[in-house]
Amino acid sequence: MKKFKRLLSALLIVSFSGVSMVQSVQAAMVSTEQVAQAAAVQQAGDSHERLNDMLARTEVQAELQRYGLTEDQARERIAALTDEEAAVLVKQVDDAPAGGIIGAILLVFFVLLLTDILGLTKVFPFTRSIR
Amino acid sequence: MPGFGAASRRRFVLGGVAVAALALAGCAVQTPRLLAAPPQGLPRRVELSATPFFPQEEYQCGPAALATALSAVGLPTRPEALTGKVFLPGREGSLQIEMLAGARRSGAVATVIPGTLEAVMRETAAGNPVVVLQNLGLSWAPSWHYAVVIGYDLDAGVFLLRSGPIERQELPLSTFEHTWDRAQRWAFVALPPDRLPETAAEAETTRALVAFERTALPRQAAQAYTAGLARWPGSLTLAMGLGNASYAAGDLEGARRAFAAAAQRHDAAAAYNNLATVLLELGRRAEARAAAVKAVGRAGTEGAIADSARATLRRIDDAAPPAPRRQRRRPTAAAPPASP
C-alpha cells in the first residue's frame, strides 16, 4: 500500500511538472480562482499538491497521529483550503530554516495557525477578518 | 482553545470576565456609541428564537456552534457530523480556517463579516445567526470559545447567544465587545447559496464564493454567483464564477451567456477564452475562433491565462473540418500569438 502511494505521488509529481504540456492538450478553461488571483503573486508550483506531498512523509504522518488526525482527514482538510490559503501555508514552509522542514510543516500547519488564533503571532492574514 | 469542562466552566467564565472587565474598563469603544445613537433602520430588539440548541460536548464548541448556525438557516446538521471536519482532537478545539471550510463542506457559503457590533446586529436582524470567536479569558491567559449570536436587545443592552452549555445567554454589550475584541472581532455567517450576508463587503463575499465553488455542487455554486452578481454586477470574478459553475453543471447555454456578458463588459482575456471553449462545444466554430483570437490578443504573452488562450485557439483550429486551403500558418507553440 505504502509503495503504491509512493509510486502514485511520484507519478503525480512527474505529471504536474509537465503542466504546460498538459495544458496545451486540454486545459482550455480559465478557473475562477485564477481570475480572482490574476493580480496576486504567482506561487511556484501547485500549493495543494505540495501540501499533499508533505503529508506522504512518514514523520509527518506520525506527527499527525499525535494530533489525533488520520492522513485522509488531513487530505480532506487541505482540499477544502482555497489556493490562496494553501499558498500561504506553503510559503511558510519555504521560509522555514533549512534542515527543519519536517518540523516546519507541522509547525506551520498546526502550531502557527493555532498561535495565530491565540493571538500570540500574526502570521496568517486569513485568521481574522481583513479590512 | 475553545471549551471547558462544563461544571467549572460558568464560574471560571464569570471570574474571568469580571477580572477582564476591571483590567480593561473603558476599552469597550463601540458599545457607548452604539447605545447613545443606535444605527438607523435597526430594530430595538431581535431574537432568532427558532435557532436550535446543541449543548456542547466537552471542548467541542466549534462543531456545536457551526451546527447551530447551519441548522438555523435550513441546513440541518448535527454537531457529531462536523467533528471530523472541524475538530482537532490533539488541541481540543477547532481552527478558524476550518470552521469556514467545514461550513462550505456542509453546503453553506461561509463569509467573514466586518468586526463591528453593528454588523453583528444587522446580520441577526436579517435573520442570519452569527458565529463568533470569543476569548473569554484574558489576553495573556486566553480561553477560546465559539458561540452563536442569535439577537440583541438595545433597551436591555444585551446580546443573546447560544453558547456552549447555555441555551439562552444574555451577555451585556460591553462584555461581549471585550471578549470579542480579544479575539480580533472575528465573526462569520454561514448561509445557503442563494442568500448573501447583509453586511459583508465585496472582497470578503467574493473570497467566500470562490472558496465555495471549490467544494460545492456546480449548480449551487452557480446559484451563489448569481446572487453575488445581482449585488455587484461589475465584478469580473463573480461573472467568471457564474460561467464556470454553469459550465461545470453542464449548462452550456447558461455558461455562454455568462461569459459573453463578462467579455462584453470587461473585455477580459479569461472571459473570451472560456467563451470560445463553450462556443466550440456548442458547435459554433466560427464564433468560437473569433472569441479565441480576441482572448489571445488580450492575454499578453506570458502567464497561465495566455497559455490557456493559445491552447484554446489551437484546439479550435485542430477541430476544424478539412479545409480546402491550409489555414494554420503557425503551428509551433513558440510562435507569437497571431494579432486579432
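Start by selecting helix α6 (residues 117-125) of chain B together with α7(B): the two pack at an angle of about 110°, with their axes 11 Å apart. This is a predicted model, in which local features need pLDDT of at least 70, side-chain atom pairs count only at pLDDT 80 or more, and totals for chains, interfaces and linings use all residues. Residues are numbered from 1 along each chain as its sequence is written, chains are lettered from A and ligands numbered from 1 in the order in which they are written, and side-chain values use heavy atoms, with hydrogens and water left out.

Helices here are DSSP runs of H or I with at least four residues, strands are runs of E with at least two, and both are numbered from the N terminus. Each axis is a line fitted to C-alpha atoms, for helices over the stretch in contact, and angles run from 0 to 180 degrees between N-to-C directions. Because angles of 65 to 115 degrees count as roughly perpendicular (under 35 is roughly parallel, over 145 roughly antiparallel, the rest oblique), α6(B) and α7(B) are roughly perpendicular to each other. Their crossing is right-handed; that word applies if the near helix is turned clockwise from the far one by less than a right angle, and left-handed if anticlockwise.

Now show the side chains. From α6(B), B:L117, B:V120 and B:M121 meet B:L173, B:F176, B:E177 and B:W180 of α7(B), where contact means heavy atoms within 4.5 Å. By class, this contact has 6 nonpolar, no polar and 1 charged residues. Ala, Val, Leu, Ile, Met, Phe, Trp, Tyr, Cys and Pro count as nonpolar, Asp, Glu, Lys and Arg as charged, and the others, Gly among them, as polar.

**On to α8 and α10**

Next, pick α8(B) and helix α10 (residues 236-248) of chain B, whose axes come within 11 Å and cross at roughly 15°. These two helices are therefore roughly parallel to each other, and their crossing is left-handed. On the α8(B) side, select B:T206, B:L209, B:V210 and B:E213; on the α10(B) side, B:T237, B:L238, B:G241, B:N244 and B:A245. The contact of α8(B) with α10(B) has 4 nonpolar, 4 polar and 1 charged residues.

Stay in chain B and zoom in on B:E204, which lies in helix α8 (residues 202-215). Is B:E204 buried or exposed? B:E204 is buried, with a relative accessible area of 11%; buried means under 20%, exposed over 50% and partly exposed in between, using a 1.4 Å probe and protein chains only.

A polar contact of 3.1 Å joins its side chain to that of B:R207. The term covers a pair of N or O atoms within 3.5 Å; within protein, one must be able to donate a hydrogen and the other to accept it, and residues adjacent in sequence count only if both atoms are side-chain atoms. B:R207 is also in helix α8 of chain B, and at 32% relative accessibility it counts as partly exposed.

Go to B:Q184, in the loop between α7 (173-181) and β7 (187-191) of chain B. Phi of B:Q184 is near 60°, a positive value in a residue other than glycine, and B:Q184 is partly exposed at 24% relative accessible area.

**A last stop in chain A**

Finally, colour chain A by secondary structure: chain A has 8 helices and 0 strands. Buried residues make up 40% of its 131 residues.
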